[in-house]
Amino acid sequence: MKKTFGRVTLPGESNFLEETKDLLERWGADAIRDSDGTKLDEGIRNLDAKIYTTYFVARGHNEFAEQHMEECQQIYLMSAHTLATEDDVCIAFAKEYFDQQVTPDYDHDPKQWWEVIDRTSGTVISADDWELDQKQHTVIVHHAQPFHEYTVSFLAYILWDPTQMYNHITNDWGDKPHEIPFDVRKPFSSGYVVEYLKHWLQEEENKRCDIVRFTTFFYHFTLIFNNYAKEKFVDWCGYGASVSTEAILAFEQEKGYRLRPEVFIQNGYYNSTFCVPTKEYQEYIDFTQRFVSGKAKELVDLVHEAGKEAMMFLGDNWIGTEPYGKYFSSIGLDAVVGSVGGGATLRLISDIPGVKYHEGRFLPYFFPDTFHEGNDPVIEAVDNWLSARRAIMRKPIDRIGYGGYPSLAYKFPKFVEYIEKVCEEFRQIYDIVHDQTPYCGLKVAILNHWGALRSWHAYMVAHGLYCKQIYSYNGMLESLSGASVDVVFISFDELLENGIPADIDVIINAGDAHTAFSGGDIWKNEKLVSMLRAWVYSGHGLVGIGEPTACEHGGRFFQMADAFGVDKELGFTLHTDKYFHTPQDRHFITEDVVEPLDFGEGMKNIYALYEDTEIIAYNDGEVNMAAHAYGKGRCVYIAGLPYSTQNTRILLRALYYAACKEEAFKKWYADNLYCEVHAYPQSKQYAILNNTNEIQESGVYDGEGNCKHVTLQPGEIRWMVMK
C-alpha cells in the first residue's frame, strides 16, 4: 500500500518531541492535539502540523470560580426514600452524595426552591410542615403519616466537574486542583467566558493554535457521584446539570409557568433518556438548546474573528448543543469530534449536519488502564477498527485520531505498527467513498419518542458503555450502522402530525415496555395505531424487538399484536390455551445462521396468536422470533438482538422479509456472513470486507446476479470494479 498522509490527529505530550516526530511520520498525521491532563511544549507546537488546543469554557478557571461560588452550576437532587415511623421524620437529604462534588444550595430560599414529597401518597408537603437544619443537612417533616416514605428534592451546587473528577481518580492526579464548573446564565460568568476567550486568543502561546477544540461548552451530561466517590447515576443525554434558579425564572417568564423540582427529579428517575418525556421537560430541553446555541455562537464567532477554526467535542459539557437538534447549525462550528466506541457511535458523529468536517477519536485511549505491562492494546484496537469500519463504508468521518498519553502507547511497538496500518486504510477508504452515495436496498425508520434528536444514540446510558438492560437493543443500532440500508429516526409526534413518510419501507419499534423507546401510553392513541396498521396492511413492513408497541390496553399488551401475530402473556389470560408453538423447519430470515441463536436478555412469555404466525425460533415454551403476514405487508418480532455478525445478518434479512423484498436481498451480497459487500454505483466500485481477524472465504454477488468466490485475509478490504 502506497504511503499517504493526512486526516489523522495525534495526541501530544510535553518532553516527547523526537517520538512525536516518529509517530507523525509513521501514522501520516497532520495534526497534534493536547488532552485533559497534557500540554504541548514549544517544540511540539512548532512542528509542521495543525495544532488543536483543548478549551474549557466553564471549568478550569478556578481563580474566577472561587471568587463567585454563588455562580457554581446547580442541579436538583433527591434524598433517599425515608420511612416515617412517628409523627416527625428526619431526612438526611445529602447523605448519599459525594460532598466534594455537590453541596446543598442554601443561598436561594429552600422553602421556595425545594420540595418535600410523601412518595407513598404522592402529596407535596406544605413548606409550613417541614424545617431545615443547615448544619446537619437534614429536613424534619412534621405531622408525617407513619409508614409512609418521604423524600426531599433539593437544589445543590456542583463543586467539581465530573469528567475532571473521573480523570483525576482514574489517572491518580493527586493534589491537582478540583476544577469548579460555573454557570454562564449567571451575570458574572456570562461576561467572563466572553472576555476570557478574547484574552486567551491573543496570548502568545495560543497564536500557534489552529483549531480551538471546545470541550464542550457549558453544561455537563448528568453524572453524579455517591458518598463513596463512585458513580451514583449517569445519563449521557441528561439535562439535570443545566438547571439553575436563573434558568427556571427565565423559563417562567417565557412560558408563563414555573417548573417544579419534580420536573427534573421525576420520582428519582431524573428524566433518564429512557423515561417518556413530559411536555414540560421537552419544552425545557428546547428552551436550553436555544440558550446554549446562542451563547456558544458568541464564542465561535470570536474564534473565527481570530482566524482559527472552532471544533466541538461531542462529550463532557455537550448538553444543549445536541447536534441533531433544531439549533445546532446556528452555532457556526467548523467541526465536531467524538469518541468512537463502534459503528453506532461513529454514525452518531459522521451523520451530524451543519459542520464542515467530522472527526472520530478511536479506542483505546492511551491511558494506564489499558497500556500497562501484561496487556495487549492491539486486541481492543482491532475490534474497535473493524466495528467502526463498517460504518465508515456507509458514511465516513473526515478524520480519525487518538487521545491520551502517547508516551504510554509508544512502549507498545506492535500497537504503533497496527495503528499505522489503520491510518493508511482509513485514508484509502475515505478517498474512494467520501463523496459517494452507497447502494441502499431499503429505507428504514426507527420509531420512538425522541426521533432524530437521539439519532444513533438511543438506548445509551453512558456513552458507548455496556449495560445489561440495553445491549439487546443497542445491537440493532450497531448492526444498522454498517448495513446497506438508509436509516432515519422519527418520533411519534412526527407521525401523528405528518403521517408516515412515503419513502419508508420498514419501521422498527424496539425497547422495553413503558420506556421512551417502546413508547408507553402513546400506544393508547387510536390514530397512531390505526395509521400504522393501515400502512403495514397496504404492503409495508414492521419489525418489533423486545416489547414493541407495548401498553396494556383493550385486551392487548402489544397494541400491534394482530399485525405481529404474537403478544405477551401478562397473567390475565392464563386461562386461554396457546396452541401454536411449532417452529418452521427453515425460514428466509435464518438462512445464514451458523451459530446458536442469541436473543440477549430475551423476553419472557411471548406466544403466538394465530395458526398462520410463522414461528422462526421457539424455546422453553416461548416465541423468540416470528413473522406474520398482514394484508399485503409483513411484521417480524424478535425477542432481543445483541450485536454480533450473525445477528446483523438476521436483522438485515428480517428487514427485507418485512418489506416483501426478498428477491433484492442478494443484489450486493456475501454468502459468508462474516463478510460484507458495499457498492458505490456512481464510481462503479464495490468493496468486499472481511469483518473478522481471521481468513474468510465467501461467494460474492456483484449486483448483476453473478457470484464469484474470494478468499480474504484477516481484516482485508478488497476493492473491485463493476462490470
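Start by selecting arginine 454 and tryptophan 450: the arginine lies over the face of the tryptophan, 4.3 Å from the ring centre. A charge counts as over a ring if NZ of Lys or CZ of Arg is within 6 Å of the ring centre and within 35 degrees of the ring normal. Next, pick arginine 258, whose charged end sits over the ring of tryptophan 113 at 4.8 Å from its centre.

This is a predicted model: local features need pLDDT of at least 70, side-chain atom pairs count only at pLDDT 80 or more, and totals for chains, interfaces and linings use all residues. Residues are numbered from 1 along each chain as its sequence is written, and side-chain values use heavy atoms, with hydrogens and water left out.

Now colour residues 443-662. UniProt (unreviewed entry) places "domain: Lacto-N-biose phosphorylase central" here; such annotations may be inferred rather than shown by experiment. The stretch is 22% helix and 26% strand, and its end C-alpha atoms are 14 Å apart. Helices (H or I, at least four residues) and strands (E, at least two) are DSSP runs, numbered from the N terminus.

Show the open sheet of seven strands, ordered β21-β20-β22-β23-β30-β29-β28, with mixed pairing. Strands pair if DSSP finds at least two bridges between them. At the edges stand β21 (486-491) and β28 (614-619); each has a single partner strand, so one side of each lacks a neighbour in the sheet.

Zoom in on β23 (541-546) and β30 (633-638). They run parallel, joined by five bridges. Glycine 541 has arginine 634 as its bridge partner in β30. Axes are lines fitted to C-alpha atoms, for helices over the stretch in contact, and angles run from 0 to 180 degrees between N-to-C directions. Then show α19 (645-658), running at about 155 degrees to β30.

Turn to the rings. The whole structure holds 52 aromatic pairs (centres within 6.5 Å; planes under 30 degrees apart are stacked, over 60 edge-to-face, the rest tilted; for Trp, the six-membered ring is used). Select phenylalanine 233 and tyrosine 270: the centres are 4.2 Å apart and the planes at 15 degrees, so the pair is stacked. Both residues are buried (under 20% relative accessible area; exposed is over 50%, partly exposed in between; 1.4 Å probe, protein chains only).

Finish at threonine 576, partly exposed at 39% relative accessibility.

Notes. Contact = heavy atoms within 4.5 Å.
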